[in-house]
Amino acid sequence: MGKKQLMKGNEAIAEAAVQAGCKTYFGYPITPASEVIEYLSWRLSEAGGEFVQAESEVAAINMVQGSAACGVRTMTGTSSPGMSLKQEGISYIAANELPCVLINVQRGGPGLGGLGPAQGDYFQAVKGGGHGDYRTIVLAPSTVQEAADLVMEAFDLADLYCNPVMVLTDGILGQMMEVVQFKSGTQRELPVKDWAVKGSAEHADGQRRIVTSYYLDSEKFEKFVKHLGEKYAQIQKAEQRWEEYLTDDAEYLIVGFGTCGRIAKSTVQMARKEGIKLGVIRPISLWPFPVEAFAKDVKGYLTVELSLGQMIEDVKLAVGDTTPVEFYGRQGGMVPTPEELLEQVKEKFDLK
Amino acid sequence: MNKVFDKTKGLTDVKTHYCPGCTHGIIHRIIGEILEEKNLLGQTIGVTPVGCAGFAERYFNCDMVGAAHGRASAVATGVKRSLSDKVVFTYQGDGDLASIGTAEAIHSAARGELITVIFVNNAIYGMTGGQMAPTTLPEQKTSTSPHGRSIEKAGFPLDMPKILSQIEGAAYIASGSVDSPKSIIQAKKYIEKAFDTQLAGKGFSFVSLLSTCPTNWGLSPRDAINWLQENMIPYYTLGELKTWK
Ligand SMILES: Cc1ncc(C[n+]2csc(CCOP(=O)(O)OP(=O)(O)O)c2C)c(N)n1
Ligand code: SF4
């Protein structure tokens with residue numbers, strides 16, 4: 001464990017990457033993610049890595065592909081419009097089974113949108129975004145400490161599954177200052193990157209390595225896509241993460257990720273004072289979605305999101321039609337207060 | 001008997017998928033020969049484009065990475081920044097580099113990225129069946145310019161080596177052809193110098209080569225060579241446009 005320090009969310013993400021052994025960073029400036037690229041512009045070279053301010057997010061994600069193909073830990077970060085530009089590259093990276101970490105400090109969309117916090121990129125992050133049959137592991141922190149921890153975890157998961165891993169935050173978390181302590185290194189045993197290009201003279205077997213995703217043979221390609229499917233199924237089984245807050249005796253549950261999950265905890269404290277048995281499920285892995293968390297005997301769920309309602313589809317799939325799943329959302333960079341959420345709980349479930 | 005010619009070890013034994021008479025194969029051979037002659041095969045990473053050369057990772061006998069359409073220079077940047085002691089090259093068509101990937105090519109040059117870019121200009125989109133490229137000549141007929149490229153509507157061809165030679169970070173820019181034994185020998189010298197540029201750490205290196213697409217030009221291999229000589233050679237800037245040696 002390192003010493004405790006006060007840091008902005010975005011800087012903590014950047015430092016966590018360095019401490020996780022990230023060797024290359026490729027990015028393009030955008031509010032509210034710019035501290036990530038600014039921090040790494042000096043910090044990475046200090047730590048013996050390489051930093052490039054790319055000409056666009058398109059270029060940045062393709063630089064990530066090149067770097068990941070060499071087997072080094074690599075990352076790119078951006079905010080929503082930039083993430084849209086990276087989608088083709090993410091699809092290629094997933095198809096090439098390359099490990100890398102992606103940061104999306106979400107802002108409001110669609111379009112150029114607003115600079116305030118939002119969670120409208122849930123569909124893009126969780127359901128694909130790019131073309132084809134692929135999945136990105138998506139982790140959503142709710143504190144600066146958790147953001148740092150999940151970035152380190154993201155590098156491990158990427159290496160473990162040879163897959164892109166996204167850390168999905170928002171403008172609040174990116175700009176917020178909190179105390180953070182960096183964990184010392186990974187304890188996991190990770191597979192050797194024997195597939196990486198290095199120059200064929202470097203490979204013990206003397207065989208050259210090819211990293212590509214082009215198939216003209218449909219049978220072979222189907223076999224490969226099925227292999228991806230098996231990998232994704234394994235991830236769904238092993239990597240569901242969520243936090244529960246006062247769920248043991250809860251009759252109603254708020255479901256919210258990131259900032260919303262955090263606000264919901266204050267709502268629960270207020271509700272409990274009024275005798276309402278409220279709890280929180282805060283999904284941490286958005287893909288795989290923590291379906292296992294929803295095997296609960298409660299009277300209703302309220303999904304809270306900074307969007308028109310995207311995660312609610314996964315909540316409904318997880319809950320089934322046995323229990324009502326309600327929705328409350330704010331958009332455009334607006335954030336609900338704990339009081340506002342309590343009002344919604346009472347209104348939606350007739351608790352007045 | 002004395003063996004006077006052998007296939008280069010720089011290329012694998014995989015049968016290529018190029019059309020008969022296509023000059024992509026000649027360009028492959030000279031790159032392979034150079035990598036072999038300079039003893040670089042074991043320490044080179046090549047990056048392939050999307051286009052007719054999209055399968056070239058099977059043909060070059062070194063470590064290879066396949067890039068998305070137009071992004072080879074960006075992917076190569078990622079490779080070079082990760083393995084700075086290795087030799088990195090891209091092989092890109094004119095649609096790939098001069099249209100969808102123009103930004104990546106220009107900015108790799110601007111950064112003085114220590115990579116070698118081989119640019120194959122056949123004035124058409126080969127892979128997708130002969131559509132107009134940014135390098136298609138005025139009045140040239142393609143499947144998306146069936147009445148000939150209209151300057152009013154589609155503008156003028158881009159002369160990539162000329163553009164790139166204006167960029168400070170570019171250390172070596174040459175423009176040649178592979179239409180005759182003489183031009184092939186010249187092209188090989190250019191490519192060799194481009195790799196030397198990278199090895200000497202001088203900056204971005206780029207070789208453009210005029211190439212044929214008999215299939216989509218609708219010509220026999222021989223007529224395609226003639227067409228290149230009569231139409232492309234007069235139009236495009238040729239020679240060493242920028243050098244440091
Ligand atoms: C994003 C994207 N857009 C379009 C295509 C389709 N496409 C494949 S190759 C190509 C053009 C290839 O032409 P060129 O780069 O000149 O190479 P050539 O085939 O002539 O060697 C196009 C448009 C693609 N694969 N990806
Ligand atoms: S389509 Fe044209 S460029 Fe492609 S392999 Fe055939 S002749 Fe060569």
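What percentage of the 245 residues in chain B are buried? Buried residues make up 58% of them; buried means under 20% relative accessible area, exposed over 50%, and partly exposed in between, with a 1.4 Å probe and protein chains only. This is a predicted model, where local features need pLDDT of at least 70, side-chain atom pairs count only at pLDDT 80 or more, and totals for chains, interfaces and linings use all residues. Residues are numbered from 1 along each chain as its sequence is written, chains are lettered from A and ligands numbered from 1 in the order in which they are written, and side-chain values use heavy atoms, with hydrogens and water left out.

Stay with chain B for a moment. Its secondary structure comes to nine helices and seven strands. Helices (H or I, at least four residues) and strands (E, at least two) are DSSP runs, numbered from the N terminus. The radius of gyration of chain B is 17 Å, close to the 18 Å that the globule rule gives for 245 residues, so chain B is as compact as a globular protein of that length. That radius is taken over C-alpha atoms, and the rule is 2.2 Å times the number of residues to the power 0.38. Along the principal axes, the C-alpha trace of chain B spans about 50 × 50 × 30 Å. Of the contacts in chain B with a separation of 6 or more, 69% are between residues 24 or more positions apart. Contact means heavy atoms within 4.5 Å.

Now turn to chain A. Chain A has 12 helices and 16 strands. Its radius of gyration is 21 Å, close to the 20 Å that the globule rule gives for 352 residues, so chain A is as compact as a globular protein of that length. Its C-alpha atoms fill a box of roughly 75 × 50 × 40 Å, taken along the principal axes. Buried residues make up 59% of the 352 residues in chain A. Residues 24 or more positions apart account for 78% of the chain A contacts with a separation of 6 or more.

Two strands pair if DSSP finds at least two bridges between them. E10(A) runs parallel to strand E2 (residues 63-66) of chain B, and two bridges join them. In E2(B), B:Val65 is the bridge partner of A:Val211.

Helix H1 (residues 9-19) is mostly covered, with nine of its 11 residues buried. Among them are A:Ile13, A:Glu15 and A:Val18. Just after H1(A), A:Gly21 takes a positive phi of about 90°.

A:Tyr134 sits in the loop between helix H6 (122-127) and strand E7 (137-139). A:Tyr134 counts as buried, at 6% relative accessibility. Leaving aside neighbours within four places in sequence, its contacts include A:Gln87, A:Ile90, A:Ala94 and A:Tyr232. The C-alpha atoms of A:Tyr134 and A:Val225 are separated by 8.5 Å, though these residues are 91 apart along the chain. A:Thr247 is in the loop between strand E11 (242-245) and strand E12 (252-255). A:Thr247 is buried too, with a relative accessible area of 8%. Not counting residues up to four places away in sequence, A:Thr247 touches A:Leu253, A:Val280, A:Ile281 and A:Lys296.

Last come the backbone exceptions. Most residues other than glycine have a negative phi, and most peptide bonds are trans. The bond from A:Gly109 to A:Pro110 is cis, with omega near 10°. A:Pro110 lies in the loop between strand E5 (100-108) and strand E6 (114-117) of chain A. The bond from A:Trp287 to A:Pro288 is also cis, with omega near 0°. A:Pro288 lies in the loop between strand E14 (285-287) and strand E15 (300-305) of chain A.

Positive phi turns up in residues other than glycine. For A:Glu97, phi is near 50°. A:Glu97 is in the loop between helix H5 (87-95) and E5 of chain A, and at 17% relative accessibility counts as buried. B:Asn39 has a positive phi of about 60°. B:Asn39 lies in the loop between helix H1 (24-37) and strand E1 (44-48) of chain B. At 63% relative accessibility, B:Asn39 counts as exposed.
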